[in-house]
Amino acid sequence: QVQLVESGGGLVQAGGSLRLSCAASGSIFRINAMGWYRQAPGKQRELVAAITSGGSTNYADSVKGRFTISRDNAKNTVYLQMNSLKPEDTAVYYCNAYIVLVTTALATGYWGQGTQVTVSS
């Protein structure tokens, strides 16, 4: 019923930048909060950044001042601009969204398939 499709990952040198995108499609009535998580090998998945439907944002301390989350509600898309990347940012990045379907009144969490970000030193 709902798909989240991520793009924009890749290999970049330390200090470089990448922009991730995540587009939601399907029987969507409304999208509430959207966010980006990441999971490095051998570690738990962690929140990187989140944004509400009204545009309020929240960031992990490790990315504050370097990453910026934004969204285009008309396109059902969330973005993550990542600057000054460090090798420790290497991980699979997952998009997450709480979506209300046209057939229900409840928001349900959905995940994208993940996109690899690798930062070389």
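Contact here means heavy atoms within 4.5 Å. Ser21 has a relative accessible area of 17% and is buried; buried means under 20% relative accessible area, exposed over 50%, and partly exposed in between, using a 1.4 Å probe and protein chains only.

Two notes on how to read the values. This is a predicted model, in which local features need pLDDT of at least 70 and side-chain atom pairs count only at pLDDT 80 or more, while totals for chains, interfaces and linings use all residues. Residues are numbered from 1 along each chain as its sequence is written, and side-chain values use heavy atoms, with hydrogens and water left out.

## The open sheet

Four strands form an open sheet in the order S1-S3-S8-S7, with antiparallel pairing; two strands pair if DSSP finds at least two bridges between them. S1 and S7 are the edge strands, each with a single partner, so one side of each has no neighbour in the sheet. On average, neighbouring strands of this sheet are turned by 15° against each other, direction ignored; the axes behind such angles are lines fitted to C-alpha atoms, for helices over the stretch in contact, and angles run from 0 to 180 degrees between N-to-C directions.

S3 and S8 run antiparallel and are joined by six bridges, and Ala23 has Thr77 as its bridge partner in S8. S7 and S8 also pair in the antiparallel sense, over six bridges; here Phe67 has Met82 in S8 as its bridge partner. Four residues lie between the strands in the hairpin of S7 and S8, and Asn76 takes a positive phi near 55° there.

In a regular strand the side chains alternate between the two faces of the sheet.

## The nonpolar core

A nonpolar core is a set of buried Ala, Val, Leu, Ile, Met, Phe, Trp, Tyr and Cys residues joined through side-chain atoms within 4.5 Å. The largest one has 33 residues, and Trp36, Leu80, Met82, Tyr93 and Ile99 touch the most other members. Strands that each supply at least two residues of this core include S1 (2-7), S3 (18-26), S4 (28-39), S8 (77-82) and S9 (91-101). S9 gives the most, with six residues.

Which residues does Ile99 touch, not counting residues up to four places away in sequence? They are Val2, Leu4, Ala24, Ile28, Arg30, Ile31, Leu106, Ala107, Thr108 and Tyr110.

## The disulfide

How many disulfides does a search of the whole structure find? It finds one, a disulfide being a pair of cysteine sulfur atoms within 2.5 Å. Cys22 and Cys95 form it, with their sulfur atoms 2.1 Å apart. The link of Cys22 and Cys95 is left-handed, with -80° about the S-S bond. Cys22 lies in strand S3 and Cys95 in strand S9, so the pair ties together parts that are 73 residues apart in sequence. Both Cys22 and Cys95 are buried.

S9 and S10 pair in the antiparallel sense over five bridges, and a hairpin joins S9 to S10 through five residues. Val100 stands opposite Ala107 in S10.

The structure holds one aromatic pair. Rings of Phe, Tyr and Trp (its six-membered ring) pair if their centres lie within 6.5 Å; planes under 30 degrees apart count as stacked, over 60 as edge-to-face and the rest as tilted. The rings of Tyr37 and Trp111 have centres 5.0 Å apart and planes at 65°, so the pair is edge-to-face. Tyr37 lies in strand S4 and Trp111 in strand S10 (residues 107-111), so the pair ties together parts 74 residues apart in sequence. Tyr37 is partly exposed at 23% relative accessibility, and Trp111 is partly exposed with a relative accessible area of 41%.

## The loop at Pro41

Pro41 is found in the loop between S4 and S5 and counts as exposed, at 75% relative accessibility. Pro41 and Thr90 are 49 residues apart in sequence and 9.1 Å apart in space, C-alpha to C-alpha.
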